[in-house]
Amino acid sequence: MTAMVEERISKIKEIVCEILELDESEVTNTSLFVDDHGADSLGSIEILASLEKAFGVTIEQSELPRMVNLDGVYEVTAEAAGW
Amino acid sequence: MSSPAYAAVRPVITAWSAVSPFGVGRKFFVDGVLAGQPTAAPLDREQWPGPDEQACLVPDFSVKEVLGRKGTRSMDRVTGLAVSTIGQLLHDADGNRVVRTGEESALVLGTTMGSAQSTMDFVRDSFTGGQPHHVDPARMPNSVMNCAAGQCAIWHQLRGPNTTLAGGGAAGLLSLDYARRLLHHGRAGQALVGAAEEYSTARAWLHRHSGGTTVLGEGCAILLVEPAAAVGEGRRPLAEVLAVQSRFYLDADPRRALAASVRDVLTDAGVRQEEVWAAVGSAVGEPGEHEHAQLRALFGDAAVNRMPGADLLGDTGAASSALRIATVLSVAERSAEAAGKLVVLSAVDPYGTAACALLRLAD
């Protein structure tokens, strides 16, 4: 189970870094996409869409305000997927 | 025809660059034009699994390699071509900014339909994905045809009017005319003007199924156009834009429309046919042969033979007439004889547009 959680977390990080054009070493679980990494609003939509595709889930756009850092993204995705 | 009032602004071309099958930047273009080097080469079939065996590609062009990783993740090829060409124009060889841009800087970019590949990829994802909305939202902007012009403005701080002009093979000349009007009406202080076309598998299939037989090429040429009275510091006119005219034709034969456009530019500028030093067509393949035959009939063989043929770069679609202006400027740069001479440029798009421009090369 832990291995699976780690795998999911690492996949999410990979997606986020690819979209925001960041090195994985630059991003921490709590660093803010917009404030710390200069992301724009389209970036958040891209992350949401990419997660839906990768994990076969549906995430409501109303969840976007919670998806401000990796922890937030994981939480929202986990709820949507029922992990 | 009355002389257009906006001739009063006397637009002049003061700088240019091109990204083409000759290479990235103006120097490669000038050398390639003067060497008369054909650029068609066999395609890597893994990268380009379309109907073509060969094409004229910008050598080793990759958006990420030319522009870097930042901001290019979802940039498509035609956008990369346009952004990098403008980058070349605005900077010197050492990367220093030499042309200032801002609120006063317009961009007029000619296209056929933006990126056919981006449009088709986006639509395909929607059809084949688990859900219709399982598409990459970052690629949505690429599927509209003004994407390249918009990205150019963002990259290079061009905050003046931003125009995308869909005119196929005539787009480069139509853009030049549009830019003249912007300058005349004071909508912009300077205009970057040109056209871009990418090679892609999607475009190759469209070309094939429309009966196209020409070898496809790609590229982008951009000119800096300013009023003669307000040329920026450190620059000088390379050529004056005396007149631009265009016509639509609804039958399959563009000859009358082209003849009328030629007549109109000469009348606008008060120039006699025999004063024209060079006549330059833009189309290639069979349409190009017809266009050039007509120019020969109007201006004589000597005028047509003064410029190298357009076939060197293949069928560059929307970029063709812009690249032909660059060809004229390349020849002018290395030819003392060209100084002060009059040049007619024509373009014929198979979908119903003929256009003509008259330039006077600088003394």
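Predicted model: local features only at pLDDT ≥ 70, side-chain atom pairs only at ≥ 80, totals over all residues.
**View 1. Where chain A meets chain B.** Here's the contact between the two chains, with 12 residues coming from chain A and 12 residues from chain B. Putting chain A and chain B together buries about 1000 Å², and carbon and sulfur atoms account for 47% of that area. On the chain A side, the residues that lose the most area to chain B are A:Glu21, A:Glu46 and A:Lys53, which together make up 51% of what that side buries.

View 2. Zoom in on the side chains and you'll find three salt bridges across the interface of chain A and chain B. One to look at is the salt bridge between the side chains of A:Glu18 and B:Arg73, at 3.7 Å, N to O. On the side of chain A that touches chain B, helix 1 (2–20) and helix 3 (41–55) of chain A each put in at least two residues. Helix 3 of chain A has the largest share of that side, with six residues. Sort the residues of the side of chain A that touches chain B by class, and you get six nonpolar, no polar and six charged.

**View 3. The annotated Carrier stretch of chain A.** UniProt, in an unreviewed entry, puts the annotation "domain: Carrier" on residues 6–81 of chain A.

**View 4. Two domains of chain B, side by side.** Now over to chain B, which splits into domain 1 (5–230) and domain 2 (239–361). The C-alpha centres of these domains of chain B are 21 Å apart. Their contact draws 50 residues from domain 1 of chain B and 40 residues from domain 2 of chain B. Between them, domain 1 and domain 2 of chain B bury about 3400 Å², with 66% of it on carbon and sulfur atoms. Within domain 1 of chain B, the residues losing the most area to domain 2 are B:Ile13, B:Gly169 and B:Leu173, together 19% of what that side buries.

**View 5. Side chains and elements between the domains of chain B.** Between domain 1 and domain 2 of chain B, the count is three salt bridges. B:Asp31 and B:Arg334 bring their side chains together in a salt bridge at 3.2 Å, N to O. You'll also find 15 residue pairs in polar contact across this interface of domain 1 and domain 2 of chain B, both residues at pLDDT 80 or more. Elements giving two or more residues to the domain 1 side include strand 1 (11–20), helix 1 (26–35) and strand 5 (105–111) of chain B. Helix 6 of chain B gives the most to that side, with seven residues. By class, the side of domain 1 that touches domain 2 of chain B holds 25 nonpolar, 17 polar and eight charged residues.

**View 6. The annotated synthase-like stretch of chain B.** An unreviewed UniProt entry carries the annotation "domain: Beta-ketoacyl synthase-like N-terminal" over residues 12–209 of chain B. Chain B is 38% helix and 18% strand over residues 12–209, and the end C-alpha atoms sit 40 Å apart.

Conventions. Residues numbered from 1 in each chain as written. Chains lettered and ligands numbered in written order. Heavy atoms only, no water. Contact = heavy atoms within 4.5 Å. Buried area = accessible area lost by both parts, 1.4 Å probe. Salt bridge = Lys/Arg side-chain N within 4 Å of Asp/Glu carboxyl O. Helix = DSSP H or I, 4+ residues; strand = E, 2+ residues; numbered from the N terminus. Nonpolar A, V, L, I, M, F, W, Y, C, P; charged D, E, K, R; others polar. Domains from an automatic or database assignment. Polar contact = N/O pair within 3.5 Å; in protein donor to acceptor, adjacent residues only side chain to side chain. UniProt positions renumbered as here; feature names shortened; annotations may be inferred.
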